[in-house]
Amino acid sequence: MRRAVVWGIVVAFLLAVAVAHADITLTNASGESITFTEEELGTIAASGEKPFEGITITVTVNQGGPKGGISGPLYEWRDAWEQITGAKLNIVEIPYAEHYPKVMTDLMTGTGQYDGFFIGSDWMGELVAGEYIIPIDDYMKDPRFPKWDPDSLPPSIRTLYTWGDKWYGPLNDCDGQILYYRKDILTNPDYRAKFKEQYGYEYNIPPKTWDELYDISEFFNGWDWNNDGEPDSGIVMHLKVGAQGMYHYASLSAPFCILPGEKVDKYHNVYWFDPEDMTPLINSEGHVKALEFQLKLQKTGPDAQVAWSLGEAWDYFLRGKAVFTFSWGDVGSLVQDETRSKIKGKLGCSILPGSYEVYDRSQGKFVRFDTPNVWGNTTGGSWHGVISALSKHPEVVYHLLAFHATNKISLWNVQRGWTGVDPGARFHFLPPYGTASLDDYVANGFDPEDAKEYLKAYYDNFFAPNIAPYLRIPGGNEYWVALDRHLSEAYTGQVSAKEALDRVARDWEDITNRYGREEQLKVYQESIGYGK
Amino acid sequence: MRRKRIKYFFLFPSIFWVLAFTIFPLVYSLSLTFFRVRLGKPARFVGLANFARILSDYKMWHSLRITLVYVAVTVTLQVILGLLIALLFHQEMRGKSLFRALLILPIFCTPVAVGYLGLTVFYEEGGPINSILMSLFGTKIPWLSNPFWAWMAILLLDIWQWTPFCFLVILAGLQSLPEEIYDAAYLDSSSEWEIFRKITFPMVQPVIVIVLLLRLIESFKIFDVVYSLTGGGPGTSTEVYSLFTYRTGLKFFDFGYASVLGYLLLAMVSVAVNIFFRRIREVYG
């Protein structure tokens, strides 16, 4: 009898432990399931008590629909998240160009219509300086919430999700521009031989400098190298005004104008402004040379690209009409979609090329390096969720954002191109750089060689020794728009490179003066880690 | 006594409407012009600084200049084309009702949709117009990547959409002209041009002036087509005045200066309207 009682207690205990540590399987809108441990999902979800029952939160995101970039994952996992928390999620989609003003209007007027926002990282300065969003450090330590891994982020990405020592958003998207090229075309021995005959040297694959890339792009521009009966292009860029065209310039120009150094000071590791007085550097000699180079490079692509936004330029590359493009992670995963892409399995990727010559402001001249001056970049939005200071339910919003930041959901997003969530955390990368499995990528439609190229290039970019500084100060949007509109004037031949950048500098001075030079300087120094 | 009171009851909604949605915004925006306003921060009195800023703002002058050119070109062409089509439809012809119905369809389109339609029609790589040009002449037009052609695209869309309005109103004017005058005129002259010049045009002129005036006011406010078709580009070549004002106020939250820009537009349109009305009064008593 006593033995039976003991056995009964043991069995009951084991059952209790098993129940307490039961894995939870969640199924998304596409019908795919992921199993989480209790630790991964947090005790709120594991308890099954649905403490957020009756609460509805509203978050804004760039318009894209249920299968669109950044917005898609919210729809995909909405039912599952609502099921484990009891809360309701209201997704408000706002067109890219309207998103920032809508969010800022809500916050600055104190309306508080939205609980959270999926923001571009360049909004951060404005949001933090105005105390419009709240830090999440306390939530991150709380076992009630889903667990995500901030240590998996490279410093380059971590910077975008934090301000000072505080975190403001859990991991979502990691934006940076890398070089995409047609490996099959560049490795073609006939083309290589013809190039050598014409230019007198053999090109590197991938090209090491922008000058080398220009030569290759020029060589391939204007003739039918893919045998489709039409002339093809060397490069394609998205240069339409108001459609993120200026990001191309920001990525390309870095090696021409950022002098690397041990720390961020007046002359080293700065790109946007002089960190001592907020004088714009955008019309300095390095920038002018970079833009002149880009205008030259632009001529080796289709004329229409000055009116193309992302989709049109990407489509041109996916249809196999250009040898090069440089853009965000979306391209790498879209290449795998054979309904849109003709180049699956033919993709090469690398960190953006460098330049042997860089402008040294302390000497007032270009200096030459023995090896190319290469800079990684975090150009783009790195779109991620933040919590409104006006939200009445910040913990519910954090739960949602942390849920999407868990390793399993994050990896699921990265492995599907349409989500717009690009790789950046260590667990997105393949060994020896990370912990992801090539088989998983292949199972989700990636060509194995493409996946290796793509992930290695992103690893090299985000973990590069030099990362170009990112602009995220109050008025950031206005500075970017000024850059965008005047660059477009140069791209369309209305003004010279120097005149366009002089105009940008003039506008930036005006913006800085309106926002207050001293305040801007303080935030700028903080944002670039001046003196560190 | 009761009837006297009830009239106030019926007047109240319209008085409220005018006060709340016309007078208040007008006065409020006027007060904003004297302040540097940023939402969420205390407004700072800057006197006439926002007005003075106009003088040195090359972006504003650029947008104003291209808006004036746009207004002059589109309004002129729309009225001339509208008049010509109205004269055509004023004659006996088969299928007139059907053609008239088809012709006025563009008026019912939302301008922003017209802009997006333009994106498809003027798409440079494989859009319908360039495909036809390529197959016929082996060339294509850089509709949206060249500042001049981007303007052409906007002008074509705007003229396509609003010429029918001019046509419709002028046609109504033509149809209201008394037949007897024409009967008498045909006794004296058989020249159609003579009759048009000396009878039709002078008699329909008041209608044309009104059409001109309405289109003038509307054209100054052009926004939707430009916003959706070119976004103000390439570069800043199509950044019209309303788009510039919108960006200043609702993108960069510079409300004080945006209010000044709004008042400048109001002043320009008011001056134009006044000149027109004065001229109408002079001519027609």
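1. Ground rules. Because this is a predicted model, local features need pLDDT of at least 70 and side-chain atom pairs count only at pLDDT 80 or more, while totals for chains, interfaces and linings use all residues. Residues are numbered from 1 along each chain as its sequence is written, and chains are lettered from A and ligands numbered from 1 in the order in which they are written.

2. Secondary structure of chain B. Chain B has twelve helices and two strands, where helices (H or I, at least four residues) and strands (E, at least two) are DSSP runs numbered from the N terminus. Read along the sequence, the pattern of chain B is α-β-β-α-α-α-α-α-α-α-α-α-α-α.

3. Transmembrane annotation of chain B. An unreviewed UniProt entry lists residues 9-28, 68-89, 101-123, 148-174, 195-217 and 255-277 of chain B under "transmembrane region"; UniProt positions are given in the numbering used here, feature names are shortened, and annotations may be inferred rather than shown by experiment. In the model, residues 68-89 of chain B are 100% helix and 0% strand, with 31 Å between the end C-alpha atoms. Residues 101-123 of chain B are 61% helix and 0% strand, and their end C-alpha atoms lie 28 Å apart.

4. Overall form of chain B. The radius of gyration of chain B is 24 Å, whereas a compact globule of 285 residues would have a value near 19 Å; this radius is taken over C-alpha atoms, and the globule rule is 2.2 Å times the number of residues to the power 0.38. Along the principal axes, the C-alpha atoms of chain B fill a box of roughly 75 × 75 × 35 Å. Of the 285 residues of chain B, 30% count as buried, a residue being buried if 20 or more other C-beta atoms lie within 10 Å of its own, exposed if 12 or fewer, and partly exposed in between, with C-beta atoms placed from the backbone.

5. Contact between the chains. The contact takes 20 residues from chain B and 22 residues from chain A, two residues being in contact if their C-beta atoms, placed from the backbone, lie within 7 Å. On the side of chain B that touches chain A there are eight nonpolar, nine polar and three charged residues; here Ala, Val, Leu, Ile, Met, Phe, Trp, Tyr, Cys and Pro count as nonpolar, Asp, Glu, Lys and Arg as charged, and the others, Gly among them, as polar.

6. Domains of chain A. The assignment gives domain 1 (2-175 + 382-422) and domain 2 (178-377 + 466-527) of chain A, with bounds that come from an automatic or database domain assignment. The C-alpha centres of the two domains lie 33 Å apart, and 17 residues of domain 1 of chain A are in contact with 21 residues of domain 2 of chain A. Helix H6 (96-108), helix H7 (124-129) and helix H9 (155-161) of chain A each supply at least two residues of the side of domain 1 that touches domain 2, and the largest share, four residues, comes from H7(A).

7. The nonpolar core. Among the 203 residues of the largest nonpolar core, Ile178(A), Tyr180(A), Phe317(A), Val323(A), Phe324(A) and Ile170(B) touch the most other members; such a core is a set of buried Ala, Val, Leu, Ile, Met, Phe, Trp, Tyr and Cys residues joined through C-beta atoms within 7 Å. Both domain 1 and domain 2 of chain A give residues to this core, so it lies between them. Leaving aside residues up to four places away in sequence, Tyr180(A) touches several residues, including Phe317(A), Phe324(A), Leu347(A) and Cys349(A).

8. Backbone details to check in chain A. Most residues other than glycine have a negative phi, and most peptide bonds are trans. The peptide bond from Ile205(A) to Pro206(A) is cis, with omega near -5°, and Pro206(A) lies in the loop between helix H11 (189-199) and helix H12 (210-220) of chain A. The bond from Pro431(A) to Pro432(A) is cis too, with omega near 10°. Asn227(A) has a positive phi, near 55°, and is exposed because 7 other C-beta atoms lie within 10 Å. Gln244(A) has a positive phi near 70°, but Gln244(A) is buried, with 22 other C-beta atoms within 10 Å.
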